[in-house]
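These are my notebook entries on one structure, written down as I looked things up. The sequence and model come first, then the entries.

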Amino acid sequence: CNNAQSIDLNGLDTSCTTDMRFMFSDFGTKEMASVDLSPIDTSSVTDMTEMFSRSHIKHISLSLCNLEQVAYTNNMFEHCSVESIDMGDSHFASLIDASEMFENCSNLKSISLSSFTAPNLQLMPSLFEGCKSIQEIDLSAIGNNCVKSMKRAFRDCDSLRTVSFGNFKSNKRISLWGAFLNDVSLRTISMSSLSSQPIDDISYAFKNCPSLEYVDISGIKTDDWTDTSYSFDSEKYPLGSFTLKVGSSFSFHTRQGNDVGPTASNDGLLTGRWVDIVSGKTFKRGGDITGPGTFVQQKELSRYTVSVDTQDEAFANQAITKAIRSELVEVKDYTVNYSNNTNVGTAALTVKGINACAGQSVSFEFNIVQANPQFQAPSQIAVAYGQKTSSVALPEGFSWQSDDSHFTRLGTS
C-alpha cells in the first residue's frame, strides 16, 4: 500500500488480534498526513514488530490504544518518515523488547513519552539511533524496570541536546556501549538513579560529544568487570570543558591488557587533569578517579597564570591591596586573602583556587615602607619669648611636637 494517501480504520474488528507485525510497513505516500489507531482494539496484541517500518506517515497517534499486552516493539518505526508520535498514556506492562524502536526516524522532531511506563522492559539498544532531528527525549516515566541493554540507544542523534531519565532505574547490569556516541549537540545528561547493579559497559558512551556541559552519572556503579574504555574519547572533535558528577561506587582506572574482567582496559580517556570542585582532589588520564565527586577539567593556577606587582607600597594608614593579573576570574576561579597589609612591614597575599582551580594556590609578598611625605615648612610665624607652643596656630596639616613647650630662643623662620 505504498501509494495510499489516507486510511479509515473504523469498523475494523481486531479484538482477537495478537500480531500486528508489518501492519503499516512501507505504507503511504509523502502526502499522507496521519494515522490514528484509536478506532481499533489493541488489547490482545502482543507483537508490534516493524508495524510502521519504512512508512511515509507524518503523524502517528497511539494515545488511546491499550498496549498492556504488547511484548515486542522492536523496529516498530524503523526508517519511518514520521515527524511526531503521540504515545499518550501508554502503559506497556508486558513490554520486553524495544530494540531499534525508533531507529533512523530522521524526521522525528516530537514524541510524547511523558507517561510511557514499561516495568518489564529488558532491551532498548538503538532505541533512537539515527534520529537526527529530535532535540529532547524524556524517559523519566519508565521508572523501575529490567533493562540490561541501552547499547547505541541515542547514537548519531545530531540535534539531541538532553535526555531526561528521572527515576529510571534498572535492577540489571546495563550495557551503555556507545549510548550517546557522536551526539555532537548533546549538552546535559542526568543518570542519578540508573541502576541498582554495577553496569557492564560504558565504553564509547560519550565519545565524540564535543558540546557536553554537564554529565551526572552518579547513578552508575562500576566494579572490576565494568569496561569504561574510551567512554569520553574525542576522536573527531575536541572535548570541551564540562562538569562530571560521579557517585561513591564509580571509578575510572587504567589497567593492563584488554581482557574482560579485572584486567580490562578501563581508561575513559578523559584528557588533561580533572579536579573535584568540593574536595580539591585531582586525577589525570592514566590515573584513577574514584567517586563521589563533582569533577571539572582543571585550570592551572600558578605563577605562570597569575601575576602580581610586588613593588614596595608606602604606608597609607589603611589596608593595601594589589591588582591580580590573570585570565582566570576572581570569585569564579579563585579568591584572594591578605595578611599584614596595613602597617609597615612585609605583607602577604594568597590566591586560592576554587571550582576548576580547586586544590591550587600561589602566594606573593610585598613590603609596606614608612611614608616620606614631601612638604614645605610654614614660615613667617610670629611668637614672643616664653610663649607656649599651644598658643601659636599653625597652618592646616601641621602641628607642634609638644603643646607644652615654651619659646626660649627667638629668631626668624
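**Entry 1: a parallel sheet**

I began with S1 and strand S2 (residues 59-61), which run parallel and are joined by three bridges. Strands here are DSSP runs (E, at least two residues), helices are DSSP runs too (H or I, at least four), and both are numbered from the N terminus. I count two strands as paired if DSSP finds at least two bridges between them. Across this pair, Val35 stands opposite Ile60 in S2. The two strands belong to an open sheet of four strands, with the order S1-S2-S3-S4 and parallel pairing. At its edges are strand S1 (34-36) and strand S4 (110-112), each of which pairs on one side only. From one strand to the next the twist averages 5°, with axes fitted as lines to C-alpha atoms (for helices over the stretch in contact) and angles running from 0 to 180 degrees between N-to-C directions. As background, I noted that strands of a sheet pair through backbone hydrogen bonds, either parallel or antiparallel.

**Entry 2: what kind of model this is**

The model is predicted, and local features need pLDDT of at least 70, side-chain atom pairs count only at pLDDT 80 or more, while totals for chains, interfaces and linings use all residues. Residues are numbered from 1 along each chain as its sequence is written, and side-chain values use heavy atoms, with hydrogens and water left out.

**Entry 3: the chain overall**

I looked up the secondary structure and found zero helices and 22 strands in the protein chain. The chain has 413 residues, and 44% of them count as buried; buried means under 20% relative accessible area, exposed means over 50%, and partly exposed lies in between (1.4 Å probe, protein chains only). The chain exposes about 20,400 Å², of which carbon and sulfur atoms supply 44%. Accessible areas come from the Shrake-Rupley method with a 1.4 Å probe, and for residues only the protein chains shown count as cover. Among contacts (heavy atoms within 4.5 Å) between residues at least 6 apart in sequence, 70% join residues at least 24 apart.

**Entry 4: strand S22**

Which strands pair with S22? Strand S21 (residues 345-353) runs antiparallel to S22 and is joined to it by eight bridges. In that pairing, Val351 stands opposite Val362. Strand S18 (residues 313-314) pairs with S22 in the parallel sense, over two bridges, and Glu313 stands opposite Ile368.

I then checked the faces of strand S22 (residues 361-369). Its covered face holds Val362, Phe364, Phe366 and Ile368, and its uncovered face holds Ser361, Ser363, Glu365, Asn367 and Val369. In a regular strand the side chains alternate between the two faces of the sheet.

**Entry 5: salt bridges**

How many salt bridges does the structure hold? I found twelve, a salt bridge being a side-chain nitrogen of Lys or Arg within 4 Å of a carboxyl oxygen of Asp or Glu.

Glu313 meets Lys322 in one of them, at 2.7 Å from N to O. Glu313 is partly exposed, at 27% relative accessible area, whereas Lys322 counts as buried because its value is 9%. Salt bridges that share partners also join Asp19, Arg21 and Asp47 into one network.

Another salt bridge is formed by Asp200 and Arg173 (2.8 Å, N to O). This pair links distant parts of the chain, 27 residues apart: Asp200 is in the loop between strand S9 (188-190) and strand S10 (214-217), and Arg173 is in the loop between strand S8 (169-170) and S9. Asp200 is partly exposed at 35%, and so is Arg173 at 26%.

**Entry 6: cores**

The largest nonpolar core has 76 residues, and those with the most contacts inside it are Phe77, Met150, Phe154, Phe180 and Phe206. A nonpolar core is a set of buried Ala, Val, Leu, Ile, Met, Phe, Trp, Tyr and Cys residues joined through side-chain atoms within 4.5 Å. Apart from this core lies another, of 16 residues, among them Ile320, Tyr334, Phe366 and Ile368.

Leaving out residues up to four places away in sequence, Phe206 touches residues including Phe180, Leu186, Ile189 and Leu212.

**Entry 7: Ile220**

Is Ile220 buried or exposed? Ile220 is buried, because its relative accessible area is 1%. Ile220 is found in the loop between S10 and strand S11 (243-246). Beyond four places in sequence, its contacts include Leu176, Met191 and Phe250.
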